[in-house]
Amino acid sequence: MKIIIRDSAAEASAAVADMLLQQIGEKPDSVLGLPTGGTPLAVYARLRSAYDSGRGSYKSITTFNLDEYLGLSADDPASYAYYMRENLFVHVDIDPDRTHIPNGSAPDADAEAKRYEALITACGGIDLMLLGLGRNAHIGFNEPGSAHNSRTRRVALNASTIAANAAYFAPNAEQPAHAITMGIGTILECRRIVVLATGSEKAAAVAASVKGPSADIVPGSALIRHPNTTFVLDKAAARDLERARTSELQV
Ligand code: GLP
């Protein structure tokens, strides 16, 4: 595991955007795994402005998003499908047919989860998965207690996650309590994983994920077992890593 620490969230986001641009530059038909949430917004903003200045082509890229709320259509402004269109897809030359997000309005969530897994396999697996980290160390919507070999599936969201994400919903909108998420086992099969975490509210989750022990109660700690994972942090999110072995740090 590599850990990169930058002074600010903006610098950490810039480092992640550069990793993505390097990936698609080196392998123009890369398969990318993408997250939503507040954290990656600055990464997507940098990818948009890089694209506007002629850096990065998405023509042959395939994407798989991590998760989607159940019960929201792709046109719902709180859906992750909407988020991805607004924040990245409509701004770059990506083929919409190669952008994949679990269908939150599928009538049979279990069948949709199976379809999604099969599609990832059919596309040759994911080259680079970008992850955010929940305050409770969830990855995707794999809440604490999720098995580290779990597959893409329907999950119930924790009350703390629902509260943390309430800000992304309109005041009177009904907030889903379930989602489809890639499983932790599915995530661990990605060839390279980059985790972006910024802000002091993520410090405890970062420390538990990086220092271990690797346990189901800390979903992020599953990444300890992955051979090619990089955590990109700002100083605030790295605050509780002081006692981490300095040999692990690439500052
Ligand atoms: C959501 C998403 C996660 C994301 C997490 C952190 O629950 N399902 O994929 O990483 O929230 O979100 P934020 O970046 O807004 O803190």
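Me: Before we start, what should I know about the numbers here?
Reply: Residues are numbered from 1 along each chain as its sequence is written, and side-chain values use heavy atoms, leaving out hydrogens and water. Since this is a predicted model, local features need pLDDT of at least 70 and side-chain atom pairs count only at pLDDT 80 or more, while totals for chains, interfaces and linings use all residues.

Me: Okay, let's look at Asn-65. Which strand does Asn-65 lie in?
Reply: Asn-65 lies in strand β3, residues 62-65. Strands (E, at least two residues) and helices (H or I, at least four) are DSSP runs, numbered from the N terminus.

Me: Is Asn-65 buried or exposed?
Reply: Asn-65 is buried, with a relative accessible area of 0%. Buried means under 20% relative accessible area, exposed means over 50%, and partly exposed is in between (1.4 Å probe, protein chains only).

Me: And what does the side chain of Asn-65 reach?
Reply: It reaches the backbone oxygen of Leu-34 at 3.1 Å. That is a polar contact: a pair of N or O atoms within 3.5 Å, where within protein one must be able to donate a hydrogen and the other to accept it, and residues adjacent in sequence count only if both atoms are side-chain atoms. Leaving aside neighbours within four places in sequence, Asn-65 is also in contact (heavy atoms within 4.5 Å) with residues including Phe-89, His-100 and Tyr-116.

Me: New topic: which residues touch the most other members of the largest nonpolar core?
Reply: Met-129, Leu-131, Met-182, Ile-187, Leu-223 and Leu-233 do, out of 33 residues in that core. A nonpolar core is a set of buried Ala, Val, Leu, Ile, Met, Phe, Trp, Tyr and Cys residues joined through side-chain atoms within 4.5 Å.

Me: Which element gives the largest share of this core?
Reply: That would be α7, with four residues. Apart from this core lies another one of 30 residues, among them Tyr-58, Tyr-83, Ile-94 and Ile-101.

Me: How many residues of β10 are buried?
Reply: Six of its six residues are buried, and β10 is mostly covered. Thr-229, Phe-231 and Leu-233 point one way, while Thr-230, Val-232 and Asp-234 point the other way.

Me: What does β10 pair with?
Reply: Five bridges join β1 to β10, and these two run parallel. β9 and β10 also pair in the parallel sense, over five bridges. Two strands pair if DSSP finds at least two bridges between them. As one example, the bridge partner of Leu-196 in β10 is Val-232.

Me: Which distances do Thr-39 and His-138 show?
Reply: An N or O atom in the side chain of Thr-39 is 2.4 Å from an oxygen atom of the ligand. For His-138, a polar side-chain atom lies 3.0 Å from a ligand oxygen atom. Asn-165 has a side-chain N or O atom 3.1 Å from an oxygen atom of the ligand.
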